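Here is a short briefing on one protein structure. Look it over before reading the points below.

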Amino acid sequence: MTAFDRPQPHPRRRAVLTGTLALGAAALLPLAAPGRARAATGPVISDCAAWGARQPSSPVKILATPPQKIIVHHTDTSNSTDYSQAQAFSLARIMQNDQMDERGWIDTGQHFTISRGAIVMEGRHGSLAALQGGTRQVESAHCTGQNTVAIGIENEGTYMTVDPRGEQYARLVELCTHICRQYGLPAYQIYGHRDFNSTDCPGDRLYALLPQLRQDVAARIGGDATPPVWPVLSTGATGERVRTLQLLLNGRGAALTADGDYGPATQAAVLAFQRAENATSDGVAGLQTWNQLAAPARQGDNGVAVEAVQRQLAAHGIATDVDGAFGPGTAASVVRFQTTRSLPADGVVDARTWSRLVA
């Protein structure tokens, strides 16, 4: 996310990370007491006061809902051999100054940063307090399209051709485990930045470690670490998967006829959505497009996404009324589908249930 080009100490951010922050239902978040570094049941995390953060240029906001996922980044800075706390705190200040002064953001964009020396720091003000509470999240600026639903973790360094240090990776496992426990997240909801936006982040080597990261976290919290796997749809495709794509796009402002035919209008809508979310803009619905579209659906929801769930359930032979209302009957049908696919039978259509529906 906070990627900089070398050399330090005058970093330059990757241009891909522009985009409007969705505010949603928010409230002002009180700032931490000056000079405190708080410890939680997970790793020790130095708060903003500890590393000498500036005050935000306007109040940070908290959302009433917890995050749905974790997104891993690298800073794209030099792979420093200075593993001291002083270096870590200096990096945090450099990142904040760049993001506030050069990008015009209100504060650091990510929630947490892990230095090369395995020191964990709070990024955006209030992120640590929200994590400790376990029910809310701070609105962020680390990944276009995901800033109200995902915790962002920066890892100091550039990991295109080399792996993170063992100590740094171990701290990443520890932090992700703590976040998952606090918010009740499954290990398969750990992603890399490039899963959503057109970017090299978090680097080829760190991205290749994500399956191991999910497994290492799952070993501590339980559950299956297998992430969602999405179909690739393009012009000429037909069927219920295309209809699902069309309905989800309509839920994001498109005006498609949900006819199950991937024609020019659907391709144009996919392109428009990809551009809006800073995803790779090729008109092909693949990993990034599905990851951006597939928001959780649960009992009490209404609309075209629920209709898509119901149509998919019916296509899988599970009798379900298609009325766009996620009531007890739809919830029971989702549980039945999840049971047949060895998924957690909680009645919530999260990313992995979505992916099995459209597989």
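Predicted model: local features only at pLDDT ≥ 70, side-chain atom pairs only at ≥ 80, totals over all residues.

Residues are numbered from 1 along each chain as its sequence is written, and side-chain values use heavy atoms, with hydrogens and water left out.

**Sheet and helix**
- Six strands make an open sheet, ordered β2-β6-β5-β8-β4-β9, with mixed pairing. Two strands pair if DSSP finds at least two bridges between them. Helices (H or I, at least four residues) and strands (E, at least two) are DSSP runs, numbered from the N terminus.
- The edge strands are β2 (45-46) and β9 (190-192), and each pairs on one side only.
- β5 (residues 112-114) and β6 (residues 120-122) pair in the antiparallel sense over three bridges. Phe112 stands opposite Glu122 in β6.
- Helix α6 (residues 210-221) lies across β4 (69-74) and β9, and runs at about 165° to β9. Angles run from 0 to 180 degrees between N-to-C directions of axes, which are lines fitted to C-alpha atoms, for helices over the stretch in contact. Contact means heavy atoms within 4.5 Å.

**Largest pocket**
- Its volume is about 910 Å³. A volume is the space filled by probe spheres set on grid points, which are joined across faces, edges and corners.
- On a 1 Å grid over the protein atoms alone, a pocket is an open set of points where a 1.4 Å probe fits, with protein on both sides within 12 Å along at least five of seven lines; lining residues have an atom within 4 Å of a point.
- It is lined by 45 residues, and Gln68, Val149, Ala294, Ala295 and Pro296 are the closest to its centre.

**Salt bridges**
- The whole structure holds eight salt bridges, each a side-chain nitrogen of Lys or Arg within 4 Å of a carboxyl oxygen of Asp or Glu.
- Arg205 forms one with Asp163, the closest N and O atoms being 3.0 Å apart.

**Backbone**
- The peptide bond from Cys201 to Pro202 is cis, with omega near 10°. Pro202 sits in the loop between β9 and α5.
- Ala118 is not a glycine, yet has a positive phi of about 70°. Ala118 lies in the loop between β5 and β6.
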